Amino acid sequence: MEFFNLACIDPSLMPGAVCAVEYLEENMTGGSRVKILAEKGGSGLSVRLDRDFASITYSKTSEFFRGLGFVKEWITENRTSAAREEHPVFEHLTYMADCSRNGVCRPDHLRRLMVKLSLMGYDRLMLYTEDTYQVEGYPYFGHFRGRYSRQELRELDEFAASLGIEMVPCIQTLAHLNAIFRWPAFKQVHDTGDILLCGSDDTYKLIEAMIRTWSETFKSRVINIGMDEAEMIGRGAYLNQFGYEERIDIMERHLHRVLEICEKYGYTAMMWSDMFFKMISGGEYYGKEFHITEEIKKKIPQNVELLYWDYYSRDEKTYDQMMKYHRELAGNVGFAGGAWKWNGYAPLLNHSMQVSRLALRQCQKHGITNVLVTGWGDDGGEASQSAVLPVLSLFAEYNYAQTVNDCDLAPRFLACTGAVLEDFLKLDLPNLTPDNPLPGKMSAAPARYLLYQDVLMGIYDCHVDMKSFKSHYRHCAEELRAIAQKGGEYACMFRTLALLSEVLAKKATLGLEAKAAYDGEDKAALLQTADICIKTAGLVEQFKHALKDQWFQENKAFGYEVLDIRLGGLMERLKSCAARMADYAEGKITCIEELEEARLPLLTDDKGQPLSPVCDNIWREMVTASVM
């Protein structure tokens, strides 16, 4: 049944409205058919439902689509009359999707995401692309990385525009370009680490080619030029070629050169602000008093917007003070918060939502009108792109209210995503171990290191409780499996994390069990542990198959090989550990060297007692103490 009649809307809205309505009607089973009347005018959004008519008055296109979301909500609730008026606090609300940490979103998945964002009320989308786009004249730029073609970018831009969403380029013009430097073709523009060589003409030719790509694919004339976390600027090839200079002076000249290129192509630029604060303070970005001088202010061009990013602070005073510092430093300031999906396969939603509420209240207080939420995918892009939808919904609702609780959020979330908020918040469960209760320790994702750590080495074993962790992960598996069995668009994501939990119900304590059996010279128990290792390897294989389905629904193929290698290596290592235990138990070897080593805590209190959980997030450091 068709629930929305679009005969009375502006023809210019029709392409996007048809796509939105097709999506909205997917999960609708009840309610009557409603004729949509749309009119552009006034300020803000006004939506009214009167039986089988719904009127939407909007001041910009993105508000019309948010209005459709309300109509869906009311129809689903079987309401015959309803009304709502809203005036946005922010001029722009943006989601930034990370497409550079191996997970490059498939265009069809992005289009579906755009529809959800439009129904929430977003008017901008950034694709964070370090090297994952084609640049004419640089065939190795994004080689084997799933880069977007120009045609793909143009088509995405057209689709977004039909939904009232502006596609804004989000690139790097200084650091975070480590992927290109694995190719000798970029040796001439390499300073050190992941940083471009400032001052080199070849560098600015590359940057101009990058910016030209976006000028020829996206209609927007706003661009995010990055420039964050470049602490080692000028300390490599630059030092050898040009000699020592203060970093802030190098960066000032580089920024001016990049802005000149932006102006050439008609762009207004924004950039992450951390480098200026780190140079003022000697390395700190948060929780420090800054002495901002006129000399420092003069180094920041007036034609660039500084983005204060903070995904961590749980003290509202930090946001308040940092926004004051930013206002003191520059006239044009935006804010970027975080939808945490960059700590492994499971997100950190409760932490994200707690800190976002604090930050967004301060954005309202300080008149910050350009607000972003970032969905990074550090170290492999392991989490589902959909995992952070509740955080995106929260940001959208704070655009219109000073306080948003879960009761207010749940019906909006259901209308815009077709999902139950309470179900989604359970995606946190694998990380909410008994030592990490709600809302979870900042940056801590124990599910990741418990999955990857070696059974015989037990790097994290001092931070694991034998009894409670087992029961916790059995509970996680049951909860997530029950949600997956409901089916629907997100079933694969819940199934994947249910299988991860099944793996961890067995694996989380395997190292402790192996060490206890070995130290107690209980060879029968060691053989039993070896058998559990083999069974766990089988569960890892099931998890890997589910993950593959999830990955290819959302992302291009490139990058999945990393997860294949990680999980394939884990499976083989579990089998290898089992064989070592069996060899010892059967007298074929005289000791297991790894189990001879004492287990030492990674993190301790003042008395040397283990502190849990640990905030580690680098795969190569989780799997071994050896050099990877």
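Trainee: Where does UniProt place the feature "domain: Glycoside hydrolase family 20 catalytic"?

Mentor: The UniProt record, an unreviewed entry, puts that feature at residues 144–280. Keep in mind that this is a predicted model. Over residues 144–280 the chain is 43% helix and 13% strand. The end C-alpha atoms of that stretch are 39 Å apart.

Trainee: How is the protein chain divided into domains?

Mentor: Domain 1 covers 2–84, domain 2 covers 92–418 and domain 3 covers 444–621. The centres of domain 1 and domain 3, taken over C-alpha atoms, are separated by 48 Å.

Trainee: In what order do the five strands of the open sheet stand?

Mentor: Start with the general idea. Strands of a sheet pair through backbone hydrogen bonds, either parallel or antiparallel. Here the order is β1-β2-β4-β3-β5, and the pairing is mixed. β1 (4–8) and β5 (81–86) stand at the edges. Each has a single partner strand, so one side of each lacks a neighbour in the sheet. From one strand to the next, the twist averages 20°.

Trainee: In which sense do β3 and β5 pair?

Mentor: Strand β3 (residues 45–50) pairs with β5 in the antiparallel sense, over six bridges. To find one of them, go to Arg48; its bridge partner in β5 is Ala83.

Trainee: Which strands does helix α2 lie across?

Mentor: Helix α2 (residues 61–76) lies across β1, β2 (34–40), β3, β4 (53–58) and β5. The helix runs at about 30° to β3.

Trainee: Which residues touch the most other members of the largest nonpolar core?

Mentor: In soluble globular proteins, nonpolar side chains tend to be buried together. In this model the largest nonpolar core has 220 residues, and Ile36 and Leu68 touch the most other members. Leaving out residues up to four places away in sequence, the contacts of Ile36 include Phe4, Leu6, Ile56, Phe64 and Leu68.

Trainee: Is strand β15 mostly covered or uncovered?

Mentor: β15 (residues 370–375) is mostly covered, with six of its six residues buried.

Trainee: Which residues point one way from β15, and which the other way?

Mentor: In a regular strand the side chains alternate between the two faces of the sheet. In β15, Asn370, Leu372 and Thr374 point one way. Val371, Val373 and Gly375 point the other way. All of these are buried.

Trainee: In which sense does β15 pair with β6, and in which with β14?

Mentor: β6 (residues 92–98) pairs with β15 in the parallel sense over six bridges. Thr94 has Leu372 as its bridge partner in β15. β14 (residues 333–338) also pairs with β15 in the parallel sense, over four bridges. There, the bridge partner of Gly337 is Val373.

Terms used:
Residues are numbered from 1 along each chain as its sequence is written. This is a predicted model: local features need pLDDT of at least 70, side-chain atom pairs count only at pLDDT 80 or more; totals for chains, interfaces and linings use all residues. Side-chain values use heavy atoms; hydrogens and water are left out. UniProt positions are given in the numbering used here, feature names are shortened, and annotations may be inferred rather than shown by experiment. Helices (H or I, at least four residues) and strands (E, at least two) are DSSP runs, numbered from the N terminus. A nonpolar core is a set of buried Ala, Val, Leu, Ile, Met, Phe, Trp, Tyr and Cys residues joined through side-chain atoms within 4.5 Å. Buried means under 20% relative accessible area, exposed over 50%, partly exposed in between (1.4 Å probe, protein chains only). Contact means heavy atoms within 4.5 Å. Domain bounds come from an automatic or database domain assignment. Two strands pair if DSSP finds at least two bridges between them. Axes are lines fitted to C-alpha atoms, for helices over the stretch in contact, and angles run from 0 to 180 degrees between N-to-C directions.
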